[in-house]
Amino acid sequence: MKERKWTVYRVLFGTFFKASAFTFGGGLAIITVIERDMVVRHHLMTKDEFMEYATLSQSMPGVIALNCATLVGRHAAGTGGMLAAGIGAILPTLVLMVLATVLAELIPQQGPLMGAMRGIRAASAALVVSAAASLGGYNIRSLFAVILMVVAFVLSLTDIASAPAVIVLSGLTGIAYQAARRALKRRKSRAS
C-alpha cells in the first residue's frame, strides 16, 4: 500500500514537472499533457473528473498549473499527492525563471535563440487553442453555456468589461440561471 502511494507521488511529481518544464504558453497549454498522463496512461482519474478539475483550476485565482496540480494531486493521493504535484509544477518554472533572469543580459536579441523563441511562441498558441477546444467541448453543453460564452468573449474582446468583471458577471449569471431552473422545476412538480 505504501509503495503504491509513493508510486502515485512519483507519477504526480513527474507529470506536473514534465508539463511545467516543456509546455510553453501558460496554464491552458499544459492541460492536454496532464490529461494524457492522469487519465490515459496511469488511470488516476476519469476524463470527466479531470475536466472538472481543469475547469475549476481555470476559474480559481492564481497560477493555473499550480491550481490544477493541487486539485488533481489531492484527488489522486490526498495531501501528499497535492504536495508532490504542486512541487512538480513549481520547480521547473522557478529554476527556468532564475536562469532567465540571470542570463537576460547575455542573450542576444537576434539570431538562432530568438528564432527558437518565435517558434516556441507559435507552438504554444496551438497548445492553448487545443486545450481551449477540449475544455470548451466539455463545458459548453447547453444553449445557455453557448450564449454565455459568446457574450463573455465579446465583452472581453471589445474591452467593454475587464476579465475579472466578466468572470464575476458570468458567475452571477450562472447562479441566477440555476435558481430559475430550480424554481421552474418546483413549479412543474407542484402542477403535476
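## Aromatic pairs and a helix contact

The structure, a predicted model, holds three aromatic pairs. Two of these are described here.

In the pair of F13 and F17, the ring centres lie 5.6 Å apart and the planes meet at 25 degrees. Planes under 30 degrees apart count as stacked, so F13 and F17 form a stacked pair. Both residues sit in helix α1 (residues 2-22), and because they are four residues apart there, about one helical turn separates F13 from F17.

F144 and Y177 form another stacked pair, with 3.8 Å from centre to centre and 5 degrees between the planes. This pair links distant parts of the chain: F144 belongs to helix α6 (residues 143-157) and Y177 to helix α7 (residues 163-191), 33 residues apart.

| Residue | Relative accessibility | Class |
|---|---|---|
| F13 | 30% | partly exposed |
| F17 | 31% | partly exposed |
| F144 | 24% | partly exposed |
| Y177 | 29% | partly exposed |

On the α3 side the contact involves E49, F50, Y53, L56, S57 and Q58, which meet I64, N67, C68, L71, V72 and H75 of α4. By class, this contact has seven nonpolar, four polar and one charged residues.

Key
Residues are numbered from 1 along each chain as its sequence is written. This is a predicted model: local features need pLDDT of at least 70, side-chain atom pairs count only at pLDDT 80 or more; totals for chains, interfaces and linings use all residues. Side-chain values use heavy atoms; hydrogens and water are left out. Contact means heavy atoms within 4.5 Å. Helices (H or I, at least four residues) and strands (E, at least two) are DSSP runs, numbered from the N terminus. Ala, Val, Leu, Ile, Met, Phe, Trp, Tyr, Cys and Pro count as nonpolar, Asp, Glu, Lys and Arg as charged, and the others, Gly among them, as polar. Rings of Phe, Tyr and Trp (its six-membered ring) pair if their centres lie within 6.5 Å; planes under 30 degrees apart count as stacked, over 60 as edge-to-face and the rest as tilted. Buried means under 20% relative accessible area, exposed over 50%, partly exposed in between (1.4 Å probe, protein chains only).
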